[in-house]
Amino acid sequence: MASTSPRSLLLLVLAVAVVVSDAHLQLSETFYDATCPQAASIVQQKVNAFVDADRGLAAALMRLHFHDCFVRGCDGSVLLNSTDTMLTEKEALLNKGSLRGFEQIDEIKMELECACPGVVSCADILALVARDATAKVGGTSWPVFLGRIDGGASFADEVNSSLPERTDNFTQLVARFARVGLDARDMVILSGGHSIGQVHCGAFFERLYNFQGLNITDPSMDPEFAAMLKVQCPQTKPFGFMALDATNGTFDSAYYLDLLTNKGLLESDVALLSDPLGVEYAIRAVQDPMAFLNEFGWAMIKMGAIPALEPYGWRRHCAFVEPKF
């Protein structure tokens, strides 16, 4: 299949620009040009250093932006610590023990506060970090529109009903993405974020050992792949880790090739091929990897424009809420 044409890319840019301008707060690539022109370079330098030291952080840093935007919009609420009166998103079942990268975000924020006190929001840091982490491990860069306002609240009980779950089918995935203004195609493209990262073995034990409660392996899974998984993830080690795709640590379209060759791990990943749209896109991504990399960037821009539910102000420390300033 031919690569994405300049005209197609232009149309994507224009479509995303409309989405961004329609957000409750208009975002701009130049938002910090006058107040903190070095913001993007500070973030990029820090991210590059973090990922050089621990390549697995790329997926973790990208994931923070996902988990932030799907709950209360892109407001940095996923970064807040719990208090005596507020159990935050960090403590939710889907987040606790699985999200990481908080210390790195705090370090970036501290350096930005030294350079430009009270200027760069935590939500914008997450958007920049997700872009830079992805590009560092093989993805293409994309323009990040800035100007998000941090939220002042975060609730653990809002997480499980907002985030996609590993057992979701195609219809459920589409519904979850639709709640935040993303369509089915966005969902299929953004699922490609599983090109990097790892998952606990227990997350796919049902498919591997007890498919539909029958004590068998999911018959749709490639037999050789299943045999390898049973060696790497015996039933006695549910907290072991397995890479989400065959090129662990490199952002590419191998995730979709894995799905097409029956080597997907999670039920929600395999579910993409239960719909013609998912099948069509997976084939396209494998045939034209660069098109996927570009389209992933535009889908991330669209996700990053999900407006904050309750904007509060720019937080000086990403883990705490201070009086407005």
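The model is predicted, so I take local features only at pLDDT of at least 70 and side-chain atom pairs only at pLDDT 80 or more, while totals for chains, interfaces and linings use all residues. I number residues from 1 along each chain as its sequence is written, and side-chain values use heavy atoms, with hydrogens and water left out.

**Whole chain**

I looked up the secondary structure and found 13 helices and two strands in the protein chain. Helices (H or I, at least four residues) and strands (E, at least two) are DSSP runs, numbered from the N terminus. The radius of gyration, taken over C-alpha atoms, is 19 Å, close to the 20 Å from the globule rule for 325 residues, so the chain is as compact as a globular protein of that length. The globule rule is 2.2 Å times the number of residues to the power 0.38. Along the principal axes, the C-alpha atoms fill a box of roughly 60 × 50 × 35 Å.

I then checked burial: 51% of the 325 residues count as buried. Buried means under 20% relative accessible area, exposed over 50%, and partly exposed in between, with a 1.4 Å probe and protein chains only. For contacts (heavy atoms within 4.5 Å) with a separation of 6 or more, 75% join residues 24 or more positions apart.

UniProt, in an unreviewed entry, places "domain: Plant heme peroxidase family profile" at residues 26-322. UniProt positions are in the numbering used here, feature names are shortened, and annotations may be inferred rather than shown by experiment. I find that span to be 43% helix and 2% strand, with its end C-alpha atoms 24 Å apart.

**Helix α2**

Helix α2 covers residues 39-53, and its end C-alpha atoms are 22 Å apart, which agrees with the 21 Å that its 15 residues should span at 1.5 Å a residue. The expected span is 1.5 Å times one less than the number of residues. I list A39, I42, V43, K46, V47, F50 and V51 as the buried residues of α2. They cover an arc of only 150° around the axis, which puts them on the same side of α2. The arc is that of the directions from the helix axis to the C-beta atoms. Q45 and D52 are exposed on the other side. The buried residues pack against α3 (57-69), α4 (102-115) and α5 (122-136).

**Helix α12**

Helix α12 (residues 276-287) has twelve residues and reaches 17 Å between its first and last C-alpha, close to the expected 16 Å. Its buried residues are G278, Y281, A282 and A285. Seen down the axis, they fall within an arc of 105°, so they line one face of α12. P276 and E280 are exposed on the face turned away. The buried residues pack against α6 (170-178), α7 (184-190), α10 (254-260) and α13 (289-304).

**Annotated site**

Which residues carry the UniProt feature "binding site"? The unreviewed entry gives D245 and D252. D245 lies in the loop between β2 (241-243) and α10, and D252 is placed in the loop between β2 and α10 too.

I checked accessibility: D245 is buried at 6% relative accessible area, and D252 is buried at 19%. Leaving aside neighbours within four places in sequence, D245 is in contact with H194, S195, D252, A254, Y255 and D258. On that basis D252 is in contact with S195, D245, T247, F292 and L293.
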